[in-house]
Amino acid sequence: MTIALQVLVSGLAAGGVYGLFAAGYSLMYRLTGIVNFAFGDLVGLGIFATLLVLAGTTPVTQSGAHEPRFVGALTVGLIVCVAAGIGTYVGLVQPYLSRGSTIGWVAGTAAVAFAIRAVIGATFQRSSYVFPDPLPFHRVGNAGFIKVAGAQVEARAFFVIGLALALALGSVWLLERSRFGRALRAVSDDAEGARVVGVPVDLVVALAFGLAGALAMIAAIAAAPGEAVNANTGTLLGLKGLIAALAVRFGPPLWAFAAGLVLGVVEAAIANVHLGSWQLGPSYREVLPLLFVLVLIAVWPSRDALEERE
Amino acid sequence: MAAGRTRTELGRALADARAAWGSPAWVAVAAIALAAAVPFLSLPWVRVDALAQTVYLAVTATALGLLVGTAGLPSLGAGAFVAVGAFTSALLVAREDWPLEPAALAGALAALAAALVFGGVVRLRPAFVAASTWALAWLVWLGLLAFPSISGGSQGLIVPDRNLLGLDATPTVHFEVALALLVLTALGIAAVRRGAPGLELTALRQAPPLAVSLGVRLGRRRLGAFAASAFVAGLAGGLSVQLAAVADPASYDPFLSFKLLVAVLLGGAAATLGPAAGVAVLGLIALASGPLARALQLPLERFDAAVAAILLVFVLALGGGGIVPWATRRLAHLGWFQRVRPSLQVTDCYKEEERREVPGGLVLHAQGLRKAYGGVVAVDALSLELVPGEAAALVGPNGSGKTTALRLLSGAVAADAGQVVLGDRDVTTATPSERVRLGIARTLQTVTTFPELTALEDVLVGRSVRRRYGGGIRTALATPNARRETAASEGAALEALALVGLRDVADVETQALTTSERRLVALAAALATEPDVLLVDELAAGVGADELERLAEVVARIRSGGIALLLVEHNLRLVRLVSDRVLVLAAGHVVAEGSVEEVAGSDAVRQAYLGAQTL
């Protein structure tokens with residue numbers, strides 16, 4: 001029971017971050033029909049841009065985290081992430097979409113992913129870095145852990161879950177109620193039709209590409225101090241989000257978010273749950289869900305995704 | 001007897017080869033001979049082991065070229081299959097003490113098995129294919145990292161010395177084996193590309209619904225290409241890992257998959273030798289980038305990735321098809337590489353099957369067909385009958401369910417209720433490609449032809465459902481049956497083109513044809529499937545008034561062959577010219593049936609078109 005609660009809370013915290021990535025993938029797919037393979041790395045770029053402003057390329061400690069400098073660094077990171085996201089769309093997605101070249105955007109966004117990894121890897125040459133914590137969670141409860149129903153749960157987890165939920169629901173509200181959201185829904189229904197009635201399609205979609213990155217980056221940074229970060233951090237978060245989005249076949253963003261939450265909990269369960277003496281263990285944590293989703297879409301494709309559909 | 005036949009067949013194959021032999025073939029042979037001699041020249045700046053690894057990579061890239069270039073599947077996971085082959089082979093050699101050859105073969109089979117497990121994704125849209133192959137590349141790499149007991153962890157697995165083909169497996173032996181593998185792979189893929197499977201894959205790439213409506217089996221063809229390229233990747237991985245002496249998970253990260261894709265696009269996915277050229281260029285860049293990276297004090301490995309990524313973006317931005325297609329075009333301008341079409345011999349063995357006798361005189365009988373999309377009933381209680389050699393027309397206002405009716409008859413959408421009987425066979429549950437094989441062909445309204453294929457090739461796509469020896473393996477090996485059947489198919493396709501009056505434009509790309517010519521090519525392609533029933537959607541759409549008589553003549557010629565036609569048609573002049581029976585559809589129901597004159601005078605029809613009010 002106590003383990004179940006721990007698994008649930010830590011799983012939901014990780015899953016909230018995956019979910020925002022998944023919702024981003026799903027939104028981008030529904031707007032343009034593409035999968036942005038650079039998505040995770042674009043967020044990674046934002047995270048490392050924040051680190052660079054905050055502490056250069058030294059392995060960061062707590063120092064400097066509480067100063068207004070953190071807000072400045074975060075702003076710079078977000079701007080880098082949004083700008084790079086928009087740049088990717090304008091430079092490497094839109095041209096191939098208009099030309100009808102699938103291989104163009106596939107290879108183009110993958111190229112951005114590997115180029116960003118190369119740049120991060122060349123600039124930050126240590127194997128991992130510690131992200132500073134602007135919020136003093138270590139002062140809450142017992143060194144950052146609080147006791148809930150007999151279980152030791154990380155205080156930060158609740159913050160991350162709350163933030164991810166707020167961001168997800170906030171963007172749903174944005175999609176449903178705002179002018180920008182209406183424009184996005186119009187484009188995802190029928191881009192040509194939206195263009196005809198005067199929606200600035202390219203601008204709206206480019207902004208969506210940038211903002212999807214910003215949302216995911218805020219969640220990732222909220223969760224980041226919990227673990228060491230390196231060039232793989234963004235990539236792997238992106239991969240988890242992609243898996244969650246694939247599991248719902250790039251369905252509505254809120255479904256994708258929910259799939260991300262489920263993925264987080266499943267991962268935590270795989271890593272921690274014992275059934276008697278039988279336990280899968282952490283080695284299976286990343287591999288099993290990935291394998292499951294791949295087999296799922298291979299043997300049970302949704303009709304909408306089938307190529308032969310007229 | 002059998003020996004005599006074999007000799008005759010070999011003689012024919014030799015004669016064909018001699019006829020097709022030209023200066024490009026000599027250049028190729030010279031290039032291969034020169035390449036094979038490289039390790040023996042003891043050039044001071046050539047490291048034979050690195051060279052052999054590059055050639056193994058070129059083998060994998062060449063196989064990926066079939067998937068990316070011909071099938072149009074954007075695979076980001078080719079490296080995953082290399083890794084599966086490499087670690088299977090390495091484990092068998094290191095832990096089970098297997099010899100190298102069977103271990104490498106087991107690696108290839110493991111990669112093949114993996115491709116079959118995940119292969120279902122090839123039925124999906126390209127975005128899904130790209131996403132799932134990308135995920136596969138990460139899955140394999142993360143799996144290797146997560147289970148050090150299999151992968152040897154950060155140390156990797158040490159692979160001991162072995163013999164290869166009876167010789168000590170030195171880098172030179174590996175190089176020659178890799179080169180032979182490259183030549184065989186390239187020859188096989190070139191044959192497949194030119195043959196029926198290549199044509200079907202190309203058709204599936206350019207217009208999937210049209211290809212499926214002509215009976216091409218999308219899942220099977222693409223899975224074949226996916227599995228074949230995985231097998232070759234696994235074999236190359238299984239052999240090369242022994243040359244590397246250590247199976248290190250770090251060498252099989254997703255960047256390997258990306259690098260292979262870059263090589264394919266850089267060299268040119270459309271050319272068989274493009275990917276190998278791309279690998280060569282990447283190899284040269286890696287050589288040159290070493291000193292540069294040291295000068296800039298950057299970690300070499302990552303520098304390599306950045307260079308590859310930037311180079312790819314440049315190639316893509318220039319909109320280029322890659323190095324090899326570009327070079328071939330330049331050389332063609334200079335008068336090299338004149339490709340000569342071998343003249344066709346349509347004398348052999350081709351004989352159209354006797355048309356089946358149909359009991360009761362009906363060739364198609366549909367009853368009570370119903371289809372609703374959500375709450376909207378598109379077709380309701382639709383029944384119709386066709387007799388051989390008749391041309392019935394299905395008319396009705398927009399949205400009355402005409403195209404849905406054709407889709408129900410062809411199987412493109414499943415009916416909610418009702419049944420379709422072809423001759424004496426219930427085909428209600430048959431898939432579109434099964435129905436094409438049984439004798440129901442259909443042309444589409446919006447997509448008429450495959451834009452980059454010639455008219456002849458377009459019709460050959462339709463012909464491919466009647467081929468028995470058109471599979472990938474037979475085509476790659478160019479078996480006598482496959483070659484004879486190829487000649488026969490071309491004959492049949494040319495006949496179909498002649499029937500619609502387009503024999504002269506057989507070698508013109510369909511995108512250069514007029515709208516009415518394209519509609520006629522679509523008819524010819526459907527005819528090449530040897531249908532009993534031909535469903536034609538909007539033959540006259542976009543066709544000039546002066547060309548209607550030409551279309552009508554063609555329809556009359558098709559009828560005279562005993563084929564039953566059902567034409568969905570807006571153009572009532574064409575209907576008047578060709579059909580003796582008209583069915584009027586309104587809101588999913590047949591509201592009138594009879595001759596053109598009878599129907600035109602009917603109140604129900606006027607109401608369907610003009611609404612309840614009278615003018």
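Okay, let's start with chain A: of its 310 residues, 51% count as buried, meaning 20 or more other C-beta atoms lie within 10 Å of the residue's own, while 12 or fewer makes a residue exposed and anything in between partly exposed, with C-beta atoms placed from the backbone. Before I go on, this is a predicted model, where local features need pLDDT of at least 70 and side-chain atom pairs count only at pLDDT 80 or more, but totals for chains, interfaces and linings use all residues. Residues are numbered from 1 along each chain as its sequence is written, and chains are lettered from A and ligands numbered from 1 in the order in which they are written.

Back to chain A. We get eleven helices and six strands, taken as DSSP runs (H or I, at least four residues, for helices; E, at least two, for strands) numbered from the N terminus. The radius of gyration of chain A is 20 Å, close to the 19 Å from the globule rule for 310 residues, so chain A is as compact as a globular protein of that length. That radius is over C-alpha atoms, and the rule is 2.2 Å times the number of residues to the power 0.38. The C-alpha trace of chain A spans about 60 × 45 × 40 Å along its principal axes.

Now, where chain B meets chain A: 46 residues come from chain B and 42 residues from chain A, with contact meaning C-beta atoms, placed from the backbone, within 7 Å. On the chain B side, H6(B) gives the most, with 14 residues. That side divides into 39 nonpolar, four polar and three charged. Here Ala, Val, Leu, Ile, Met, Phe, Trp, Tyr, Cys and Pro are nonpolar, Asp, Glu, Lys and Arg charged, and the others, Gly among them, polar.

Inside chain B, have a look at H8 (residues 171–194) and H11 (residues 218–244), whose axes come within 10 Å and cross at roughly 170°. H8(B) and H11(B) are therefore roughly antiparallel, which is the word for angles over 145 degrees. Among the residues making that contact are Leu181(B) of H8(B) and Leu239(B) of H11(B).

Asp97(B) has a positive phi, near 65°, without being a glycine, and sits between H4 (78–94) and H5 (100–118) of chain B. With 10 C-beta neighbours inside 10 Å, Asp97(B) is exposed. And Glu530(B), is that one buried or exposed? Buried, with 21 C-beta neighbours inside 10 Å; its phi is also positive, about 55°.

Methods
Axes fitted to C-alpha atoms, helices over the stretch in contact; angles between N-to-C directions. Parallel < 35°, antiparallel > 145°, perpendicular 65-115°, else oblique. Contact = placed C-beta atoms within 7 Å.
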